[in-house]
Amino acid sequence: MTLYLLKRLGLGAVIVVIAVTLLYTMIHMVPGDPASVILGPRASAEMRAALSERMGLDDPLPVQIVSFFGDLLVGDMGMDVFSNRPVTTIVFEQLPYTLVLIGAGVSWAVLLGVPLGCYSALHRASWLDKVVAVLSVSAIAVPSFVVALYSLLVFAVALQWFPAVGAGDRGDLTDQIHHLVLPAFALGLGWVGYLARLVRASMLEVMGENHIRTARAFGLPERVIVFRYALRIAILPTITLLGVGIGSLLSSAVFAEIVFARPGIGKLIFDSVSTRNYPIVMGSVLVTTVLFVICTTLADLVNAFLDPRVRASL
Amino acid sequence: MRVLGLFWRNLRRVLREPLGLVGFTLALLLVLSALFADVMATHDPIGLSVMDRLQDPSAEHWLGTDQLGRDLYSRVLYGGQVALQVALIAVGAALAIGLVLGMLAGFGPPWLDNALMLLFDTLRSFPTVMFALAVVTLIGPSMGTVILVVVLTSIPTYGRLARTQTQSLKHAEFILAERAMGAGMGRILTVHILPNVVGPLLILASMDIPVVITIEAGLSFLGLGVRPPTPSWGSILNDGYSFVRNSPWPLIAGGLPLILTTIAFTFLGETLRDVFDPRIARER
């Protein structure tokens, strides 16, 4: 187990290193030097030279990459060229907003999707099961940013039940929750479908297993069998799914943040892309990639921990 | 002729499922409306008419007009062309590259397998939109960029599937027999493994089409995809978003075809999988 853990963490680290190197190389393959792209055509030669110097752009590429990793080890991701603040500070200011949004979206999806899946599995082939099946596929299919736009149109602009812009006043929790409702709804809708389907399938599988039959033979009430014995096992694949799904959750969060003009890491990247603010793009893509690798690795570990067959194959 | 008969029989199997029928009909309508956009459009999709800006639907403009007075119905039709074009090119390229790399990984020596798997894992480790944003920063927005992003991020999925399929066939008796008769790696891969690997990949591809269409629309919505004035469902949504307090119609017109298309291809893909993949069929 320890060996597997080390192997998996090592792989995660290697992936992050390759990803950063790729990004770095790509930035340098762009025609024109980054300094003049950032400063624009009207910058003087001295300004360009000063910026190149400050960003370490004059060094050869491998030296730059190595020094980037060196700085990274002490949490330094460079300076934002416009505001002259550390990239690390800027990124970690925005990250909590995104995490709260993802957390809220996933929470409501779990609270609705898991019971729906359970119900469908226990009442297999009932009309509600069929309705849930079709609705799940549809919810998965509809792009989350269209859900965001339509809920903005209906609930914020037409009905005016919820605010359309921002994350609410700092310190005013009710206001913040009020602002969170629509983006979290848009983020979670597809996941309700995913979870309902997955829980249904794994529940059906578990309910047919021997230990459930034994529990039945002992005359345990159905309620106890379902909730204490079956669901406990059937819920496990959802953990893996959520771990692997962090990538698509982050992608949806980008759109939700832009549509509802919320602060967050997606909005940050989007804004820096428009201004070609490479250090910020680099920093936020790096942080999200690390987050993604951590989540998928965790999911794999949980999976391996639960399933000896996976453990053995690695 | 035999192939055509087989196709027809399988199509009937798909159409017998209600979801398959709905999906197939919607997808067919979409393809036809994109193919015949020139005939079906009532207006020039990029013709401005500032006098008619942000109108509600009428006999003249069936879905209303946007902030520049362009006819939304015609724009939606041509937007379908863009969506399908991007989806077909990107999915085709990703499938082809993933297939080749995956078969090499599955059949080749272990070092090649490990290297390719590491490549797949790395490509997969960027969240798609983040990756797209980074690439767009570097090479600028265009339809080509969208296709490149989609191809790069979907290669791993196809590659992994092709690898697994190849590995499971590698030691099959008919392959061993071929080897014993002296067939080379090239012949085994192209003549014997390829036909057995390509099926599941095609099903995956049909389920990937809505995903790609969504990415194209999403990037164009962010202003990072297809360049204006070319109509794309995403850029129609972008216009609608900017003028959401003036008129709901651009948002409705841009979103509905997107929703219908993704639902159509998802239903179709699900049915294809159920019908052709006996391992997971019927259990749902």
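Me: What should I keep in mind before starting?
Reply: The model is predicted, so local features need pLDDT of at least 70 and side-chain atom pairs count only at pLDDT 80 or more, while totals for chains, interfaces and linings use all residues. Residues are numbered from 1 along each chain as its sequence is written, and chains are lettered from A and ligands numbered from 1 in the order in which they are written.

Me: How many helices and strands has chain A?
Reply: Helices (H or I, at least four residues) and strands (E, at least two) are DSSP runs, numbered from the N terminus. Chain A has 15 helices and zero strands.

Me: Which residues make the contact of H4(B) with H5(B)?
Reply: Contact means C-beta atoms, placed from the backbone, within 7 Å. Helix H4 (residues 72–107) and helix H5 (residues 110–124) of chain B pack at about 140°, axes 7 Å apart; axes are lines fitted to C-alpha atoms, for helices over the stretch in contact, and angles run from 0 to 180 degrees between N-to-C directions. H4(B) supplies Leu101(B), Leu104(B) and Ala105(B), and H5(B) gives Leu112(B), Asp113(B), Leu116(B) and Met117(B).

Me: And how many residues meet between chains A and B?
Reply: On the chain A side 38 residues are in contact with 34 residues of chain B. Helices H1 (2–29), H6 (127–141), H7 (144–158), H12 (246–259), H13 (265–274) and H14 (278–306) of chain A each supply at least two residues of that side.

Me: What follows H4(A)?
Reply: Just after H4(A), Gly75(A) has a positive phi of about 80°.

Me: What box does chain A fill?
Reply: Along the principal axes, its C-alpha atoms fill roughly 85 × 55 × 35 Å.

Technical notes: Two residues are in contact if their C-beta atoms, placed from the backbone, lie within 7 Å.
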